[in-house]
Amino acid sequence: MHFILLERLRQGRRTLQWPAGPAPDLPDRFRGRPLVDPGKCSAGCRECGEVCPTDALQFGPGPLAALDLGKCLFCGDCAAACPEGAIAFSRDFAMAVREREDLLIGSPEARLLADALDGETRRLFGRSLRLRQVSAGGCNACEADANVLQTVVFDISRFGIQFVASPRHADGLLITGPVTRNMRLALEKTYAAVPAPRLVIAMGACAISGGPYAGHPEACDGAGGVVPVDLFIPGCPPHPLTVLDGLLRLLGRL
Amino acid sequence: MLRLRNGQAAPVADVPLLAGDEFRSTVIDAALGGARVLAFFGQASPDSRGAVRLWGVLADALTGDLGLLATDIAGEIFPSLTPDCPQLHHFERELLETWRLAPAGHPWLRPVRFPGDRPEGPALAEFYRVAGAEVHEVAVGPVHAGVIEPGHFRFQCHGERVLHLEIALGYQHRGVERAMLEMPSRRRIHYAETLAGDTSVGHATAYAMAIEALAGVAPPPRAEALRSVGLELERLANHTGDLGALAGDVGFLPTAAYCGRLRGDFLNLTALLCGNRFGRGLVRPGGAGYDVSGALAEQVRKRLGRAVPDVAGATDLLFDSPSAMARFQGTGRLWRSQAQGLGFVGVAARACGMARDVRFEFPAGLWLTRQIQTATWHSGDVFARALVRRLEIERSVAFVEEVLADLPEGPIRADLPGGHRVGAPVGPLAGSHVAVALVEGWRGEICHVAVTDPAGDLAAYKIVDPSFHNWYALQLALRDQQISDFPLCNKSFNLSYCGADL
């Protein structure tokens, strides 16, 4: 027993200070919110579009118009391909939004973020949110980083957020994956089993747009076509901080 | 059989195209002689219309050779090889599903992934059932209690005792093998990185090796070293997380809490290298995606050095706790003969006392000049699978420290034919060639087989995740166990649903 206590002392306290204190230092190479400046795209060479694996870049008649965060895999190939520096990836981890179209980034100043729930829903869920996670065809990286939220580092239970075993005990769903055809029915049933009012959170490029599996007949291009989505958290997978930031914004806690 | 080494390509014309009977006897004889089946898959036959070309890829661990052979099957039925070569049972089920090739005489022809519009889903299909007055059935999934991938588990129980478990997968099926051929080639590396998201480096390395072999390029030594560091960091993160989860499943919370955090520390080391916790972008055909300066290598080593005593402290607590060990020992036992006969791989095989490890048996890249001692234990139970992980953590740490301290000089990308652009394929692939790539991912052996058509486009791309072999091991491990030990047994394998479902 005393070895356990000694080890406990040695391992120390590891929970993040954020959001009360500063956020942890992310690696220099971390690719967070892209900075998109169509003004710099004079050539209209579309090199960025040619390397993008998911066609996340949108073009006007000539130059770059916008980058769709909902499709972006954050590989950074577009930034490397652009000869004029019109795209760059920042280390800003806050990216979650409430509306699908808010994920389109078409100017360097754009930084739309999720609004808090309003009125009665916020009163109900603001200090206590129980989520049922539904994994629907992705690669398990989103699931892994959703699990990380439950470790001592992120400790989401300190915000009153918990993952629960049954949809009957849940206030909403956290969906990952493009929603495969084989998972569609299970997702619909799980959604129906959550008592109203209920929230749906789409985590990761797959759940928002299909991600790398967009256009596959075996999947449904994301959760939005199957159930109504209240929060979109982009990334492939989103960093745990991006997820936590999105959840706290939704609950009006940030 | 045509003999190849891991990571080599050869003209398709050099692969013996045998008559059905000869193909069959060659595969069975090789398996009886100790060979293992790495892949067994179909391709629309390039020669005869309507026929399916069946490829067999075998491995001879004694010589380190891979053996390739093929046959064309014209009808819709062929005599099943499974009764003589049980390793093939899953591959033959897959053949029926993908190519409508029925293996006559297969003992249990159940679908693997349920692709396409099928009336019955994985959970509604037929299951093996045990009858009897006191026998009952327990159905679990696809949506589970925890934050995990979907799958359906059907237990035949007598009281608490599990007589039989059958696992029905396919919920994660998203058509990756088909898309590797049909979708734009710039997506391929991303498919590889998301075949099993927790094995991004492992699968991306296998993909890169196959493409490099077909393009005739060799990644520079520095890139090989960086990829190997990424592969071992991936192993460290997952093994540490698994030990924590095993502790959690027997209610030993200190180790569960510490390892949960430490797993993240290893992921963050990978993010230092390439910006992504799962190693996305670290491996690219032709080399590595990111170089590592001396200062960065030093930073990674320093942080690794800080994590090591914490991991040791957390795992020592677990292994020194008699109550936790009592739950591990004798639970979920597999026999070596099962691992041998059914072709289990990775931690599950090594925990049955078999030194089965691609890094040692079929070395390629950096593993040609360096070695990690293969960790094995004989008892085949949850304890053995935990202990093998603990040993591998120690050995991978030493390996990463050693490699980072002495990275080979030079570029991280090969000079690729035809120039190179970010995200673009490595250059023209040799026409009508086949390449086999093996990587020892943290779960076990990853096998990718790529076949090109005369124009150098991919004509077939076969992916075999270690979970494809090992899901059956979990079914066997549950026999005669308490059903309440299922989570513990399941976690001791920690198999991939998406890697098996593709």
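Buried means under 20% relative accessible area, exposed means over 50%, and partly exposed lies in between, with a 1.4 Å probe and protein chains only. On that scale Asp316(B), at 33% relative accessibility, counts as partly exposed. The model is predicted, and local features therefore need pLDDT of at least 70, side-chain atom pairs count only at pLDDT 80 or more, and totals for chains, interfaces and linings use all residues. Residues are numbered from 1 along each chain as its sequence is written, chains are lettered from A and ligands numbered from 1 in the order in which they are written, and side-chain values use heavy atoms, with hydrogens and water left out.

**Interface between chain B and chain A**

- The contact, defined by heavy atoms within 4.5 Å, takes 62 residues from chain B and 61 residues from chain A.
- The area buried between the two chains is about 5,000 Å², with carbon and sulfur atoms giving 53% of that value; buried area here is the accessible area (1.4 Å probe) that two parts lose on being put together, summed over both.
- In chain B, the residues that lose the most area to chain A are Val147(B), Arg186(B) and Arg261(B), which together account for 14% of what that side buries.
- Five salt bridges are counted between chain B and chain A, a salt bridge being a side-chain nitrogen of Lys or Arg within 4 Å of a carboxyl oxygen of Asp or Glu.
- The side chains of Arg178(B) and Glu218(A) meet in a salt bridge, at 2.8 Å from N to O.
- Between chain B and chain A, 35 residue pairs are in polar contact, both residues at pLDDT 80 or more; such a contact is a pair of N or O atoms within 3.5 Å, where within protein one must be able to donate a hydrogen and the other to accept it, and residues adjacent in sequence count only if both atoms are side-chain atoms.
- The elements that give two or more residues to the side of chain B that touches chain A are helices H3 (176–182), H4 (188–193), H7 (253–274) and H8 (294–319) of chain B, and H7(B) gives the most, with 12 residues.
- Helices (H or I, at least four residues) and strands (E, at least two) are DSSP runs, numbered from the N terminus.

**Salt bridges within chain B**

- Over all chains, the structure holds 44 salt bridges.
- Asp242(B) and Arg389(B) form a salt bridge at 3.2 Å, N to O, which joins helix H6 (residues 221–249) to helix H13 (residues 382–405) of chain B across 147 residues; both partners are buried.
- Arg390(B) forms a salt bridge with Asp316(B), the closest N and O atoms being 2.7 Å apart, and this pair links helix H13 with helix H8 of chain B, 74 residues apart.
- Salt bridges that share partners join Glu232(B), Arg235(B), Arg350(B), Asp357(B), Arg359(B), Glu392(B) and Glu440(B) into one network.
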